[in-house]
Amino acid sequence: MNFLKIISVFLAVAVLQPMFSLFSFAEEASGISAESAVLILADTGEVIISRAPNKRMPMASTTKIMTAISVIENFDIARTLTIPKEAEGVEGSSAYLRAGERYTVTELLYALMLSSANDAAVALAVGCGGSIEDFAEIMNDKACDLGLSDTHFSNPHGLDAKEHYSTAYDLALIMAYAMKNETFRTVTASGSYTCSSKGNESKVFYNHNKLLDRYQWCTGGKTGFTKLCGRCLVSSAEKDGVELICVTLNASDDWNDHEKMFEAGFERYQRIELVSEDGILYSLPTVNGEKERVKAFAKPCDAVIERDDSRYIKTVTELERFYYADIKKGQRLGSIVFYQGEKEIARSDIIATEEVKELKYKNFFWRILSVFK
């Protein structure tokens, strides 16, 4: 497809005075307690702060992020499951489920993510996937879909197992992906949940993620701990349109680690508007159409950039010289691409806002005349 690339005016980005940062933003970050850690932009996966981010490590109950999103995407969360015998009495954190009780998948998801219930993890794996092994394969398939080469799941709860590992960076990407799902966002952001399935004792699940109360910008996350893993924490935070994901593995002071890294990230990045909510209107030439031009609209668009980045933002508008009818309303006709240096930071599609039908000609010569016109 041949594009006419029109280089438009450069949009200047305000250069703000660099502010004091808690970290140097080098590849290795000092001042945190974790053996492995990473802070990324949720939109792009860009690494802001890191320490051994690609080191394979056990990750305890942060595993349950993948468990939850695998259930949400593949199964009906409104269905009711009977608690299997395998789920009763699983070691570690528990919702104290008993074999034969019946709960909805939604209720078990809250038990999984808030109370970190290992019995709920097994109940979901067996009830939805058929067995722990089969459900682990669903989790691994999703990891492959996300392009994660340093992650492998052996179970849905994160109890120590030889072939159960991930990295801080992979876990951050899993969390960023999961946070795009509204059901997951609602569950992980909840402080508590009361479960009162018919015929069962009422249970209240409380979220173990203290950052939801400690840090005002926190939007969710998952804790984890075993003696082998140490303290593990995955969390998300959003401020002024900038969403960050933070992961620490084997950290003695994880709550403070996450707060410090989030503050450093928000200090460094900002979201800017590239195409306003009103969009940009176009009138583009057509050929063989009942109208000589078609109206089009560039969608609103924004991007996250560094506050102290002095590079200009360049816009490139990609459009055809003309468009052959039949043109459908909503059809993509081109795009506006935004660059900072050589890096593409955003793209806005240009969409037809009306239909332009093909003109029906009386004969071949009339059609040729119209084209030359």
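Contact here means that heavy atoms lie within 4.5 Å of each other. The model described below is predicted.

Leaving aside its neighbours within four places in sequence, F184 is in contact with I65, A68, I69, I72, M113, M175, A178 and M179. Together with L108, F184 touches the most other members of the largest nonpolar core, which holds 61 residues. In soluble globular proteins, nonpolar side chains tend to be buried together.

The packing of two helices can be followed residue by residue. Helix α1 (residues 64-74) and helix α4 (residues 132-145) have axes that come within 10 Å and cross at roughly 95°, so α1 is roughly perpendicular to α4. On the α1 side, M66, T67, S70, V71, E73 and N74 take part, and they meet F135, I138, M139, K142 and A143 of α4. The residues of this contact of α1 with α4 divide into 6 nonpolar, 3 polar and 2 charged.

A charged residue elsewhere deserves a separate look. E354 is located in the loop that runs between β18 (343-352) and α9 (364-372), and E354 counts as buried because its relative accessible area is 15%, under the 20% limit. Its side chain takes part in the two pairings listed here.

| Atoms of E354 | Partner | Distance |
|---|---|---|
| E354 side chain | K291 side chain | 2.8 Å |

Beyond its neighbours within four places in sequence, E354 is in contact with K291, R293, V294, K295, I327, K328 and K329.

Definitions and conventions
Residues numbered from 1 in each chain as written. Predicted model: local features only at pLDDT ≥ 70, side-chain atom pairs only at ≥ 80, totals over all residues. Heavy atoms only, no water. Helix = DSSP H or I, 4+ residues; strand = E, 2+ residues; numbered from the N terminus. Buried < 20%, exposed > 50% of the residue type's maximum accessible area, 1.4 Å probe, protein only. Polar contact = N/O pair within 3.5 Å; in protein donor to acceptor, adjacent residues only side chain to side chain. Axes fitted to C-alpha atoms, helices over the stretch in contact; angles between N-to-C directions. Parallel < 35°, antiparallel > 145°, perpendicular 65-115°, else oblique. Nonpolar A, V, L, I, M, F, W, Y, C, P; charged D, E, K, R; others polar. Core = buried A, V, L, I, M, F, W, Y, C linked by side-chain atoms within 4.5 Å.
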